Amino acid sequence: MKVIIVEDELAASDNLSYLLTKIDPEIEVIATLDTVTATVAYFSQPHEGELVFMDIHLADGLSFEIFDQVTPNIPVIFTTAYDQYALKAFKVNSIDYLLKPIDGEELQDALERFKAQRQQAGMDEGQMKSLLQLIQHKPMSYKQTFLVTIGDQLLPIKTLDIAYFYIDTGVVKAVTVQDRSYVLDIKLEDIEDALDPNLFYRANRQFIVRREAITTIKFHFNSKLLVEVHPPCAERIVVSKAKASHFKSWIDR
């Protein structure tokens, strides 16, 4: 089986590749893509893929934008953190999903369902579009509070009190609007999946910023953007050229 992975986190794509080949050594990952742009370009050309695993949050936007420009002619299994109500829509319509971090047994079950579906009948283009529309309009539940450990206590920090999240020498931290910093025992990609994308943006691999914390956006070299926040951050927050257009569209809503 020839598989395509659409995922902007290198560790996540490597882990998925490892799990796939561990489950079935005959599975071949023929392409790994990390942006909407690259995925659109890939599916605009003939390919040999039979199944695609697709993360929803990519380096330059949401994977749903891919389907506005091109229709992959193979089944899609999304990797996401959507609520259970939306997830059931996938199951009813024979498209599967995987919650991060991906579990090996759940991945094997998803592959078995795909094989059974392929034997019975393929999914047509109309079904794919209707499912995507359904998922986009389903109500989402987002994380309201983060628990942080301080000494022998657990302190609840409201999500809307957080100005930005970032990685500091391998440690994930949250900085509040009161300029207080807290260490979080959770990966930045998992935080991203748990946040409302209308309020928070993954600026780069190191930072997730809240819309209301952004004070200034400056043009940077090579068409990049330099984002300044309040409270100020000692590290520079740079948005890449690939994500600059999407970021500006996100801000200008």
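Trainee: Leaving out residues up to four places away in sequence, which residues does Phe 146 touch?
Mentor: Please keep in mind that this is a predicted model. Phe 146 touches Leu 155, Pro 156, Ile 157, Thr 159, Ile 162, Phe 165, Leu 184, Ile 191 and Leu 195, with residues up to four places away in sequence not counted.

Trainee: Is Phe 146 buried or exposed?
Mentor: Phe 146 counts as buried because its relative accessibility is 2%, and buried means under 20%.

Trainee: Where does Phe 146 lie, and how far is it from Ile 157?
Mentor: Phe 146 lies in strand E8, which covers residues 145–150.

Trainee: Which aromatic cluster includes Phe 146?
Mentor: Phe 146 forms one aromatic cluster with Phe 165 and Phe 200.

Trainee: How many aromatic pairs are there?
Mentor: The count comes to nine aromatic pairs. One of them is Tyr 42 with Phe 43: the ring centres are 5.5 Å apart and the planes stand at 85°, so the pair is edge-to-face. Tyr 42 is partly exposed, with a relative accessible area of 22%, whereas Phe 43 is buried at 8%.

Trainee: Why is the pair of Tyr 166 and Phe 207 called stacked?
Mentor: The planes of Tyr 166 and Phe 207 are at 10°, with the ring centres 5.4 Å apart, so the pair is stacked. Tyr 166 belongs to strand E10 (residues 162–168) and Phe 207 to strand E14, so the pair ties together parts that are 41 residues apart in sequence.

Trainee: Are Tyr 166 and Phe 207 buried or exposed?
Mentor: Tyr 166 is buried, with a relative accessible area of 12%. Phe 207 also counts as buried, at 0% relative accessibility.

Trainee: Turning to what follows E14, where is Ala 213 found?
Mentor: Ala 213 is found in the loop between strand E14 (207–210) and strand E15 (214–219). Ala 213 is buried, with a relative accessible area of 4%.

Trainee: What does Ala 213 touch, leaving out residues up to four places away in sequence?
Mentor: Ala 213 touches Ala 163, Glu 228, Val 229 and His 230 when residues up to four places away in sequence are not counted. For Ala 213 and Glu 228, which are 15 residues apart along the chain, the C-alpha atoms are separated by 8.5 Å.

Trainee: Changing topic, what is the strand order in the open sheet of five strands?
Mentor: The order is E2-E1-E3-E6-E7, with parallel pairing. Strand E2 (28–33) and strand E7 (97–99) stand at the edges with a single partner strand each, so one side of each has no neighbour in the sheet. On average, neighbouring strands of this sheet are turned by 20° against each other, direction ignored.

Trainee: How many bridges join E6 and E7?
Mentor: Strand E6 (residues 76–80) and E7 pair in the parallel sense over three bridges. The bridge partner of Phe 78 in E7 is Tyr 97.

Trainee: Which strands do H1 and H2 lie across?
Mentor: Helix H1 (residues 10–23) lies across strand E1 (2–6), E2 and strand E3 (51–55), and runs at about 160° to E1. Helix H2 (residues 36–43) lies across E1, E2 and E3, and runs at about 130° to E2.

Trainee: What does UniProt list for Asp 55?
Mentor: UniProt, in an unreviewed entry, lists Asp 55 as "modified residue: 4-aspartylphosphate". In the model, Asp 55 lies in strand E3 and is buried, with a relative accessible area of 2%.

Trainee: Which residues is Asp 55 in contact with, apart from neighbours within four places in sequence?
Mentor: With those neighbours left aside, Asp 55 is in contact with Val 6, Glu 7, Asp 8, Ser 63, Thr 79 and Lys 100.

Trainee: Finally, how many helices and strands does the protein chain have?
Mentor: The protein chain has seven helices and 17 strands. Of its 253 residues, 45% count as buried. The chain exposes about 13500 Å², with carbon and sulfur atoms supplying 50% of that area.

Terms used:
Residues numbered from 1 in each chain as written. Predicted model: local features only at pLDDT ≥ 70, side-chain atom pairs only at ≥ 80, totals over all residues. Heavy atoms only, no water. Helix = DSSP H or I, 4+ residues; strand = E, 2+ residues; numbered from the N terminus. Buried < 20%, exposed > 50% of the residue type's maximum accessible area, 1.4 Å probe, protein only. Areas by Shrake-Rupley, 256 points an atom, 1.4 Å probe, with all protein chains shown as cover. Contact = heavy atoms within 4.5 Å. Pairing = 2+ DSSP bridges. Axes fitted to C-alpha atoms, helices over the stretch in contact; angles between N-to-C directions. UniProt positions renumbered as here; feature names shortened; annotations may be inferred. Phe/Tyr/Trp six-rings, centres within 6.5 Å; stacked < 30°, edge-to-face > 60°.
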